[in-house]
Amino acid sequence: MSLRTQALRAAVRANVPRASRSFSLLARQAPKAAVAAASRMGLTSQATRGVKTLDFAGTKEDVYERADWPVERLQDYFKNDTLAMIGYGSQGHGQSLNARDNGLNVIIGVRKGGESWKQAQEDGWVPGETLFDIPEAIEKGTIIMNLLSDAAQSSTWPEIAPLITKGKTLYFSHGFSVVYKDDTHVVPPKDVDVILAAPKGSGRTVRTLFLEGRGINSSIAVYQDVTGHAKEKAVALAIGIGSGYVYETTFEKEVYSDLYGERGVLMGGIQGMFLAQYEVLRKNGHSPSEAFNETVEEATQSLFPLIGKYGMDYMYNACSTTARRGALDWAPKFKEANLPVFEALYKSVRDGSETRRSLEFNSRKTYREDLQKELDEIDNQEIWRAGKTVRALRPDAKKEDL
Ligand SMILES: NC(=O)c1ccc[n+]([C@@H]2O[C@H](COP(=O)([O-])OP(=O)(O)OC[C@H]3O[C@@H](n4cnc5c(N)ncnc54)[C@H](OP(=O)(O)O)[C@@H]3O)[C@@H](O)[C@H]2O)c1
């Protein structure tokens, strides 16, 4: 585990409000007290509302919400279940702690002696009681929540598959393993429910939003329904792991949109756009600070938050008439230039090329070093080195950052 990840974990722990920490303790000790504490903290809802059908720009979609699943109902629904979280990366950490705080019966399954084994103990999971190696946790669990890395889900499947016996439920947070089964070889047994709850964000956010009394948005899907209750179980689990609102999708659509989005605007696309804009400014004699400020700093600190909060039109309205006119004229040109790249990307996701690339790279023995080499290259690019100095000059930066 990188120092950065460790620091993030420590930060999350440090940010846990005192009330939530004691709630977490209560939840483990006494479910009734946990319910009362949850209620005081606003984590429960008095009203039981139905599914909401909402109009998304003219298309009607069903949305489920936490208010439909007060913590008492969740605890009752899962009273005979043991949630076995297999893997303790960012999702395993966030989902398991939230479910534990919701008073559900949770155990962790990770390989002994690994980084996750150590981290889980630091978070209060006890070897032999709530922390086991992977096969033992699967045997003890009724709902097997496979939160290993996607590459590990594939490489460990031959050992895991025989343990997923009739009556258990198999859960994922990504459609990756089963949708690309020709490459991953993850073929679930025919006699178990197979469901998905995929938080739309990092496991760190799954945890922090829950602790703030909010909840991340998640999608749910059903791949296989042998009990007739698979969808309801998926919704309940999504709420149990800390979701606020839950959208319905399919395994295929979840994985296609997810792989596409992260390679596109969410990560790869934005990195490419930042770099291209910065390079042209530098070639034309602009200083690193000017190029960075006009490319990244103003975007992340001022304009993108406005889009996030109020929408694109609001952002336009908040800008000067000069900026607005130019941006409105250039937006269609960027769309036209980018469209073929996005078309090629979607095709590459659909035909499994992205999956094969990801499995090959993430299964290498030298995976961590190879990745670190690429990340170091980014860190050493002038744009991001300039960014460090710019960030240190933000009004809220500490003096020692300079
Ligand atoms: N991260 C996100 O933002 C996000 C968001 C939504 C959904 N998801 C999905 O959630 C799932 C989990 O993702 P994640 O990011 O939390 O996990 P991750 O960091 O990719 O995976 C970490 C876990 O996998 C274990 N692991 C790796 N290789 C292993 C092996 N060969 N044998 C046994 N265990 C192994 C690690 O154990 P050790 O510590 O022992 O190595 C660790 O517990 C994935 O399906 C992912 O697509 C992720």
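Q: What percentage of the 402 residues in the protein do buried residues make up?
A: The model is a predicted one. A residue counts as buried under 20% relative accessible area. Of the 402 residues in the protein, the buried share is 41%.

Q: How many helices and strands does the secondary structure of the protein come to, and what share of the contacts with a separation of 6 or more do residues 24 or more positions apart account for?
A: The secondary structure comprises 21 helices and ten strands. Among contacts with a separation of 6 or more, the share from residues 24 or more positions apart is 67%.

Q: Which residues touch the most other members of the largest nonpolar core?
A: This core has 34 residues. It draws at least three residues from each of domain 1 (52-248) and domain 2 (263-393). The members that touch the most others are Ile-86, Ile-138, Ile-164, Leu-170, Tyr-180 and Phe-251.

Q: Is Leu-170 buried or exposed?
A: Leu-170 lies in strand S7 (residues 169-172). Apart from neighbours within four places in sequence, Leu-170 contacts Ile-144, Trp-157, Ile-164, Pro-188, Val-192, Asp-193, Val-194 and Ile-195. Its relative accessibility is 0%, so Leu-170 is classed as buried.

Q: What distance separates the C-alpha atoms of Leu-170 and Ala-84?
A: Leu-170 belongs to strand S7. Along the chain, Leu-170 and Ala-84 are 86 residues apart. Their C-alpha atoms are separated by 9.9 Å.

Q: Is Glu-254 buried or exposed?
A: Glu-254 is located in helix H14. Setting aside neighbours within four places in sequence, Glu-254 is in contact with Ser-173, His-174, Gly-175, Leu-196, Ala-198, Lys-200, Ser-219 and Thr-249. The cut-off for a buried residue is under 20% relative accessible area. Because its relative accessible area is 2%, Glu-254 is buried.

Q: Which residues is Asp-370 in contact with, leaving aside its neighbours within four places in sequence?
A: Asp-370 is found in helix H20. With a relative accessible area of 17%, Asp-370 is buried. Beyond neighbours within four places in sequence, the contacts of Asp-370 are with Phe-361 and Arg-364.

Q: Is helix H15 roughly parallel or roughly perpendicular to helix H21?
A: Helix H15 (residues 268-283) packs with helix H21 (residues 382-392), their axes being 10 Å apart. The angle between these helices is about 85°. Angles of 65 to 115 degrees count as roughly perpendicular. Therefore, H15 and H21 are roughly perpendicular.

Q: Which residues of H21 are buried?
A: The cover over the buried residues of H21 includes H15, helix H16 (288-310) and helix H20 (367-379). The buried residues of H21 are Ile-383, Trp-384, Ala-386, Gly-387, Val-390 and Ala-392.

Key
Residues are numbered from 1 along each chain as its sequence is written. This is a predicted model: local features need pLDDT of at least 70, side-chain atom pairs count only at pLDDT 80 or more; totals for chains, interfaces and linings use all residues. Side-chain values use heavy atoms; hydrogens and water are left out. Axes are lines fitted to C-alpha atoms, for helices over the stretch in contact, and angles run from 0 to 180 degrees between N-to-C directions. Helices (H or I, at least four residues) and strands (E, at least two) are DSSP runs, numbered from the N terminus. Angles under 35 degrees count as roughly parallel, over 145 as roughly antiparallel, 65 to 115 as roughly perpendicular and the rest as oblique. A nonpolar core is a set of buried Ala, Val, Leu, Ile, Met, Phe, Trp, Tyr and Cys residues joined through side-chain atoms within 4.5 Å. Buried means under 20% relative accessible area, exposed over 50%, partly exposed in between (1.4 Å probe, protein chains only). Domain bounds come from an automatic or database domain assignment. Contact means heavy atoms within 4.5 Å.
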